[in-house]
Amino acid sequence: MAKKPVKYTFVDAFTESAFKGNPAAVCLLEEERDEDWLQALAMEFNISETCFLTRITEPEPLDSSATILTPRFRLRWFTPVDEVKLCGHATLAAAHFLFTSSLVKGNLIEFITLSGVLTAKKVMQGDKSDVLKCENGEAQECFYIELDFPTVPVVEYNSTDVASISKALNGVSVIDIKKTDQDALFVVLPSGKTVVDIKPQFDDIGKLPGTGLIVTAIAPPESEFDFFSRFFCPELGVNEDPVTGSAHCSLAPYWSQKLGKCDFLAYQASPRSGIVNIHLDEQNQRVLLRGKAVTVMEGCVLV
């Protein structure tokens, strides 16, 4: 029997403008597909992440007294070359797709992922009567999406790779080098302008240890932001990830210690750029990532 066509939606996440932020392909599966097919489709789309949603038909109540069940979906994320354990922008994109397509009721969604249960909450902006006009002329609610993610600690890294890292970043000065629990290098640079002006040498970055390279610095004092960052991960098939929610799970606790605060407005200084509003819940070791998204394309996979 032929497989059913799979509908997909392209969503730009952590932005209010089309063709900015980080694009993700969101695919809603009505039947199981094998691993090879999932990876092949992600390679076909060839963007930073393709995610796959599968509805869980019998969600459990949040607690024994709950009368309304929170909708639950299984969620998986694939780069063009591999599956990843945590992805912020594609989770935001998936939530945006579900909220705007009326596939869920209410303002909360639970995702079952390789990183456990993650939640996405719709947060209205301003008065509920406020609307945005989409490019197709349809009125849409104006809202943020808030993701509840685990912190990803930054640990000390006794590196002998300072020269290699500097070379990979085209000779910039390096202030500090650490590593995340997810095996990404975490490099602190002298200024936000340095982060913006980096000319990454992707062949050299690909030779560095770890799964990727986060670079960050305090934001310029005249900006509205607290810190800047960029993320490079050529080994995962993405030279530069435009806006990386999961990287902010490490950036938030690091900058909390440096700046003595738990709320941040962060700017990812990739060519597409993006903005992430962050709250660090130190007690529960969670990071709340808040952002907007824009639907830019819809289609159907026929094979």
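**Strand pairing, helix burial and cysteines in the predicted model**

In strand 15, F232 is the bridge partner of L213. The structure is a predicted model, in which local features require pLDDT of at least 70 and side-chain atom pairs count only at pLDDT 80 or more, whereas totals for chains, interfaces and linings use all residues. Residues are numbered from 1 along each chain as its sequence is written, and side-chain values use heavy atoms, with hydrogens and water left out.

Helices (H or I, at least four residues) and strands (E, at least two) are DSSP runs numbered from the N terminus, and two strands are taken to pair if DSSP finds at least two bridges between them. Strand 14 (residues 213–218) and strand 15 (residues 227–233) run antiparallel and are joined by 6 bridges. Strand 13 (residues 185–188), by contrast, runs parallel to strand 14, to which 4 bridges join it, and within strand 14 the bridge partner of V188 is T216. Strand 15 is also joined to strand 16 (residues 238–241), in an antiparallel arrangement with 3 bridges, where F232 has E240 of strand 16 as its bridge partner. The hairpin of strand 15 and strand 16 has 4 residues between the strands, and in this hairpin G237 takes a positive phi near 85°.

Strand 14 is mostly covered, with 5 of its 6 residues buried. S191, which lies in the loop between strand 13 and helix 4 (192–197), counts as partly exposed because its relative accessibility is 26%. The C-alpha atoms of S191 and A217 are separated by 5.2 Å, although the two residues are 26 residues apart along the chain.

Helix 2 (residues 88–100) has 12 of its 13 residues buried and is therefore largely enclosed by the rest of the structure; among these buried residues are H89, H96, F97 and F99. The expected span of a helix is 1.5 Å times one less than its number of residues, and for the 13 residues of helix 2 this gives 18 Å, in agreement with end C-alpha atoms that are 18 Å apart. Just after helix 2, S102 takes a positive phi of about 60°. Helix 6 (residues 248–259) is mostly covered as well, with 9 of its 12 residues buried, including H248, C249, Y254 and W255. G260, which follows helix 6, has a positive phi near 70°.

With a disulfide defined as a pair of cysteine sulfur atoms within 2.5 Å, the count comes to 0 disulfides. C27 is in no disulfide, the nearest cysteine sulfur being that of C51, 7.0 Å away; C27 is buried, with a relative accessible area of 0%. For C249, the closest cysteine sulfur is in C87 at 10 Å, which is too far for a bond, and C249 is likewise buried, with a relative accessible area of 0%.

On the surface, F19, V296 and M297 form a nonpolar patch with about 290 Å² of accessible area together. Accessible areas come from the Shrake-Rupley method with a 1.4 Å probe, and for residues only the protein chains shown count as cover. Patches are made of residues with over 30% relative accessible area and no salt bridge, like charges being joined within 9 Å and nonpolar side chains (Val, Leu, Ile, Met, Phe, Trp, Tyr) within 5 Å; a salt bridge is a side-chain nitrogen of Lys or Arg within 4 Å of a carboxyl oxygen of Asp or Glu. M297 is found in strand 20 (residues 293–301) and, at 40% relative accessibility, counts as partly exposed.

Definitions and conventions: Buried means under 20% relative accessible area, exposed over 50%, partly exposed in between (1.4 Å probe, protein chains only).
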